[in-house]
Amino acid sequence: MVVGLSSEFDIQEKDVGSEDSLWDLYESWSSQYAVSRSLDDKVKRFKVFKENVQHVYQVNKMDKSYKLKLNSFADMSTNEFGSYFAGSKIHYHRTLRGNKTDGSESFTYAGVDNVPKSVDWRAKGAVTPVKYQGHCGGCWAFSTAASVEGINQIKTGKLVSLSEQELVDCDTSQNRGCNGGLMDWAFAFIEQKGGLTTEENYPYIATQGICNIFKMSSPKVSINGHEDVPVNNEDALLKVVANQPVSVAIDAGSHDMQFYSEGVFSGQCGTELNHGVAVVGYGTSLDGTDYWIVKNSWGEQWGEKGYIRMKRGIPDKQGLCGIAMEASYPVKNSALNPSVSKDGTSKSRKNRF
């Protein structure tokens, strides 16, 4: 895991004053992140780096509710960054959801009238450490695993880190491994296969491989199904997040998202859903701005130790970056989880891992 940038990477006016100072900054950044490139490649990357430095510097001079900072993506163009980290081609599947777009669908938490002013499932022990997807568009698998890990901890009291690699390798009838996928389909896969194995048993390698049937045959956490949050309805999303972490899709390809560092993100972004993440809480900032707490899969060096707070309750019903367009969550009715007998068949058990 790449360590976070030190305070010396807070860009100062002297850093952008000349080509020499910018090159010095690039060299320092390369050293910090152990980036080794040929001279020709460094020259090409330096042009991109300069543009990114200027963007971060200019945005941070503005009176915004969030700040940017150079990170490990600093010599990537926005298009290149998007293709690696926000190019999962998660499209809006209205047909999958019965063409209901008015927010009137029924769901488990529809009758919830009162929710806490703030919820943070990290503080409740229902969120595993932030993970890193690498140059693989498997964000949908990380989003799925995060919400299943959450509901399992809520039901069993045990936090178990689950295998994204099993989903990337084995859930291939509709999802496409490192080329993108949909969390609804991943939930259906987990239910059909009787559960998902652990990260320890089937570790992540940031590339799609051949499904390991032996490892897949040792499921540790099961679900009973999944539900969709009524579309374009942040109030409905709030009711669900008050009760469990939720998988959502967002448009994460913006320049500001690439270099987000801290604060409540309110930057410009579209609704071309291209990245799967998990909402693990919500709250209100000191200045009264409502926000979602979102767990990402770009490593702890990005954002607020791997998280982003995104503005909640905007006028657009789709939510900021489309966060309310395609939210879904796993259903788990009890603390029962599968076990594997000596003959390799799966059976249920309670609170044993």
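**Entry 1: the β6–β7 hairpin**

I began with the hairpin that β6 and β7 form in this predicted model. I found 5 residues between the two strands, and I noted that Gly288 in the turn has a positive phi of about 90°. I then looked up the pairing itself: β6 covers residues 275–284 and runs antiparallel to β7, with 6 bridges joining them. For one position I wrote down the partner: Val279 is bridged to Val294 in β7.

I stayed with β7, which spans residues 290–295. Is this strand mostly covered or mostly open? I counted it as mostly covered, since the listing gives 5 of its 6 residues as buried. I next checked β8, residues 307–311, and saw that β7 pairs with β8 in the antiparallel sense over 5 bridges. Which residue of β8 stands opposite Tyr291? I found Lys311 there. I also looked at the ring of Tyr291 and found Arg309 over its face, at 5.1 Å from the ring centre.

**Entry 2: another charge over a ring**

I looked up Tyr202 as well. The charged end of Lys215 sits over the ring of Tyr202, and I noted 5.5 Å from the ring centre.

**Entry 3: aromatic pairs**

How many aromatic pairs does the structure hold? I have 22 in my notes. One of them is Trp29 with Phe49, a tilted pair at 5.8 Å centre to centre with 45° between the planes. I placed Trp29 in helix α1 (residues 19–32) and Phe49 in helix α2 (residues 39–61), so the pair links distant parts of the chain, 20 residues apart.

I then turned to Phe73 and Phe85, which form a tilted pair at 4.8 Å centre to centre, with 50° between the planes. Phe73 lies in the loop between β1 (66–68) and α3 (78–85), while Phe85 lies in helix α3, so the pair ties together parts that are 12 residues apart in sequence. Why do I count Phe73 as buried? I do so because Phe73 has a relative accessible area of 1%, and the cut-off for buried is under 20%. Phe85 also counts as buried, because I have 1% relative accessibility for Phe85.

**Entry 4: the cluster**

Last, I followed the ring pairs onward from Phe73 and Phe85. Ring pairs link both into a cluster with Tyr66, Phe81, Tyr84, Tyr132, Tyr260, Phe265, Trp298 and Trp302.

Terms used: Residues are numbered from 1 along each chain as its sequence is written. This is a predicted model: local features need pLDDT of at least 70, side-chain atom pairs count only at pLDDT 80 or more; totals for chains, interfaces and linings use all residues. Side-chain values use heavy atoms; hydrogens and water are left out. Buried means under 20% relative accessible area, exposed over 50%, partly exposed in between (1.4 Å probe, protein chains only). Helices (H or I, at least four residues) and strands (E, at least two) are DSSP runs, numbered from the N terminus. Two strands pair if DSSP finds at least two bridges between them. Rings of Phe, Tyr and Trp (its six-membered ring) pair if their centres lie within 6.5 Å; planes under 30 degrees apart count as stacked, over 60 as edge-to-face and the rest as tilted. A charge sits over a ring if NZ of Lys or CZ of Arg is within 6 Å of the ring centre and within 35 degrees of the ring normal.
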